[in-house]
Amino acid sequence: MVDLQTQYQHIKQEIDAGIQEVIDSAAFIKGKKVTDFQAHLEQYTGAKHVIPVGNGTDALQIALMGLGLKAGDEVITPTFTFIATAEVVALLGLTPVVVDVDWETMNMDLESVRRAITPRTKAIVPVHLFGQCADMEPLMQLAQEHHLYVVEDACQAIGARYTFSNGETKQAGTIGHIGCTSFFPSKNLGCYGDGGAIFTNDDELAARMRAIANHGMVVRYHHEMIGVNSRLDSIQAAVLDAKLPHLDEYIAARQRAAACYDKAFAGNSKLLIPGRQNNSTHVFHQYTLRVAGADRDQLREQLAERGIPAMIYYPVPLHQQKAYLDPRYKDGDFPVAEKLASCVLSLPMHTELDEEQLNYISSAVLELIK
Ligand SMILES: *Cc1c(COP(=O)(O)O)cnc(C)c1O
């Protein structure tokens with residue numbers, strides 16, 4: 001699905017030098033590499049504050065802690081996504097309220113969000129799934145009308161750009177009150193271990209979240225709030241700082257691969273190519289087909305026999321996950337998410353795919369569904 005070895009070979013010198021610098025300095029925690037990377041990521045994203053943390057899940061948790069939400073407060077999030085969002089909501093004693101997604105973009109459906117708002121709703125967590133932004137302009141308007149916070153889960157969408165109706169463009173993660181991203185190795189900007197970051201333009205929220213990520217500490221050994229221990233280590237920051245200047249090339253390589261797949265599959269009645277959100281770019285963390293007129297699981301097995309990996313992101317929506325079963329929800333309540341779970345198939349997608357590989361993969365898919 002990804003080829004991190006080949007990617008590393010192209011940037012080996014920069015990566016090795018950065019890691020060596022950290023080892024020589026022995027500043028493994030909160031070292032200069034971390035503050036350098038933070039500043040470079042602020043520049044790249046346009047976020048006023050970047051707070052590096054231990055991983056994307058921690059980023060989401062610290063964001064919700066920073067907002068000071070209380071037990072019983074409701075947080076709206078899509079049911080078709082990775083578990084992290086609902087997980088941190090539940091861990092904090094907040095109530096996850098799940099909503100359906102759009103069949104084309106697979107992102108949170110705005111009408112479903114509108115219907116899910118109650119007097120207890122405090123925040124909305126849109127997920128920019130597979131690399132394109134949820135429709136943020138109407139979502140921000142809706143949130144403003146109801147005085148709700150918006151925390152973007154931009155773990156799959158770093159570098160995606162959303163254009164507002166006035167022509168203004170902002171990056172994924174810098175539109176809501178807070179944005180969260182992950183540097184898990186296979187993410188579009190991935191380190192060589194765990195890492196994550198929080199974005200915000202709000203000074204007060206930034207200060208609070210920075211303290212929460214560091215044991216709730218502002219002055220050393222004086223704890224003003226309950227916090228956690230979540231930090232990006234210097235070696236991961238060195239890897240990320242070496243990769244960040246390449247992020248736009250990496251995005252372009254993913255977009256070229258996606259265009260190749262699109263061309264091969266366009267107009268096929270048994271496969272639907274990923275629908276696009278018209279005011280967002282797509283950075284293709286995943287290239288996800290909807291297999292409409294063929295047996296998805298059989299196709300996946302037959303691809304595997306030919307040495308082609310394909311993955312199902314995600315096979316079970318949140319409301320059908322054993323740990324999250326809730327009497328408020330039953331099967332059939334979120335028909336689009338349930339249908340997607342039964343038909344999505346993600347093809348190999350990374351920065352190192354060449355034309356030969358792309359042709360091999362798409363020809364195999366087309367042959368197998370004939
Ligand atoms: C990867 C991911 C996360 C979690 O990131 P980690 O760094 O693995 O904790 C959260 N949400 C989404 C949508 C993700 O893809």
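The model is predicted, so local features need pLDDT of at least 70 and side-chain atom pairs count only at pLDDT 80 or more, while totals for chains, interfaces and linings use all residues. Residues are numbered from 1 along each chain as its sequence is written, and side-chain values use heavy atoms, with hydrogens and water left out.

**The helix pair**

Select residues 4-25, helix H1, together with residues 234-243, helix H8. Helices (H or I, at least four residues) and strands (E, at least two) are DSSP runs, numbered from the N terminus. The axes of H1 and H8 lie 8 Å apart, at an angle of about 140°; axes are lines fitted to C-alpha atoms, for helices over the stretch in contact, and angles run from 0 to 180 degrees between N-to-C directions. The two helices are therefore oblique to each other (under 35 degrees counts as roughly parallel, over 145 as roughly antiparallel, 65 to 115 as roughly perpendicular and the rest as oblique).

Next, display the side chains where the helices meet. On H1 the contact (heavy atoms within 4.5 Å) involves Gln7, Ile11, Glu14, Ile15, Gly18, Ile19 and Val22. On H8 it involves Ser234, Ile235, Ala238, Val239, Ala242 and Lys243.

Remain on helix H8 and select Gln236. Gln236 is buried at 9% relative accessibility (buried means under 20% relative accessible area, exposed over 50%, partly exposed in between, with a 1.4 Å probe and protein chains only). Its side chain reaches the backbone nitrogen of Tyr192 at 2.8 Å. Not counting residues up to four places away in sequence, Gln236 touches Cys191, Tyr192, Gly193 and Asp194.

Move to Thr105, in the loop between strand S3 (95-99) and helix H5 (110-116). Thr105 is also buried, with a relative accessible area of 9%. With residues up to four places away in sequence left out, Thr105 touches Gln132, Gly275, Arg276 and Gln277.

**Backbone geometry**

Most residues other than glycine have a negative phi, and most peptide bonds are trans. Select Lys30, in the loop between H1 and helix H2 (32-45), where phi is positive, near 55°. Lys30 is exposed, at 54% relative accessibility.

His147, in the loop between helix H6 (136-145) and strand S5 (149-153), has a positive phi of about 55°. His147 is exposed, with a relative accessible area of 71%.

Finally, select Tyr313 and Tyr314, whose peptide bond is cis, with omega near 5°. Tyr314 lies in the loop between helix H10 (296-305) and helix H11 (335-343).

Definitions and conventions. A polar contact is a pair of N or O atoms within 3.5 Å; within protein, one must be able to donate a hydrogen and the other to accept it, and residues adjacent in sequence count only if both atoms are side-chain atoms.
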